[in-house]
Amino acid sequence: MRVRVSPSYMEKLYSFYSPFYDAIFGQLLGPGRRRAFQYLDRRPRQRILEIGIGPGSTLEFYPPRTELVGIDISQAMIDKAREKAARLNSGSTFDLRVMDAGRLEFPDSYFDAVLSAYVITTVSDPRQVCREILRVVKPGGQIIVVNHSRCQKSGHLSRIEDLMAPIFVRIGFTTDLDVIRVMEESGIKILQSVRCNLLNTGRIITGTKQ
Ligand SMILES: C[S@@+](CC[C@H](N)C(=O)[O-])C[C@H]1O[C@@H](n2cnc3c(N)ncnc32)[C@H](O)[C@@H]1O
């Protein structure tokens, strides 16, 4: 059975990480995050939501004149992201707010695109978060998720991923979640999934709302 931790546990943990998150995870997870932006439509003036924006490691990758809304459960992360946004001069607007990804405070079909990097495996109810992503994106809009996703075939690798999960969830993410399947089961139409990061441990998963 999957081990779950509460949103308040994650909020405290990631607030604790916030001063040094970029120095550690920022670099390690950087290649997948950067590459994900190759899949984003470059049209200016899109309204885009980034879920679990952390310290704002992606802000510089958005096309010029994007209307970006970034949310995170951690106030400390949002403070870091705001500091970063204040230093950028891309003509974009950055509206950065504390919010739970499982309860998005936006109307249905509000965003042209929704992105989320390394978040689905940190939330206590990934299905609910995927349903919320689907609800707020426009029909035909882009959904881009960067994440580790548990191996779909049973074998040594998936067994190791399952064994590691109770340990890794305490340090901020789980390893036993088949993210692609959860997205599909939530109603997201998966378009492609490409491997990324060191040892191909990550995936860039693109999808849409039909
Ligand atoms: C592994 S970090 C990823 C940060 C950033 N997206 C990146 O690319 O490095 C996970 C982020 O998700 C946030 N988070 C965890 N649970 C959340 C939730 N329920 N709602 C919103 N954000 C959440 C954490 O505070 C943290 O900033």
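Which elements are included in what covers the buried residues of α5? The views below take up this question and then turn to the sheet and the ligand. This is a predicted model, in which local features need pLDDT of at least 70 and side-chain atom pairs count only at pLDDT 80 or more, whereas totals for chains, interfaces and linings use all residues. Residues are numbered from 1 along each chain as its sequence is written.

**View 1. Helix α5 and what covers its buried residues.** The cover of the buried residues of α5 includes β1 (47-51), β4 (111-117), β5 (137-147) and α7 (179-185). Helices (H or I, at least four residues) and strands (E, at least two) are DSSP runs, numbered from the N terminus. In helix α5 (residues 126-136), the buried residues are Pro126, Val129, Cys130, Glu132, Ile133, Leu134 and Val136, where buried means that 20 or more other C-beta atoms, placed from the backbone, lie within 10 Å of the residue's own.

**View 2. The largest nonpolar core.** A nonpolar core is a set of buried Ala, Val, Leu, Ile, Met, Phe, Trp, Tyr and Cys residues joined through C-beta atoms within 7 Å. The largest one has 48 residues, of which Val114, Ile133, Val137 and Val145 touch the most other members. Leaving aside residues up to four places away in sequence, Val137 touches Phe111, Ala113, Val114, Ile143 and Lys209, a contact being two C-beta atoms, placed from the backbone, within 7 Å.

**View 3. The open sheet and strand β7.** The sheet is open and has 7 strands in the order β3-β2-β1-β4-β5-β7-β6, with mixed pairing; two strands pair if DSSP finds at least two bridges between them. Its edge strands, each pairing on one side only, are β3 (93-98) and β6 (189-196). Strand β7 (residues 202-208) runs antiparallel to β5, joined by 6 bridges, and β6 pairs with β7 in the antiparallel sense over 7 bridges. Within β7, Gly207 is the bridge partner of Ile143 and also of Ile190. Because 5 of the 7 residues of β7 are buried, this strand is largely enclosed by the rest of the structure.

**View 4. The shell around the ligand.** The ligand is surrounded by 25 residues, the closest being Tyr14, Gly52, Gly54, Ala101 and Ala117; a residue counts as near if its C-beta atom, placed from the backbone, lies within 6 Å. Both α1 (7-17) and β2 (67-72) supply at least two residues of this shell, and α1 gives the most, with 3 residues.

Technical notes. A residue is buried if 20 or more other C-beta atoms lie within 10 Å of its own, exposed if 12 or fewer, and partly exposed in between; C-beta atoms are placed from the backbone.
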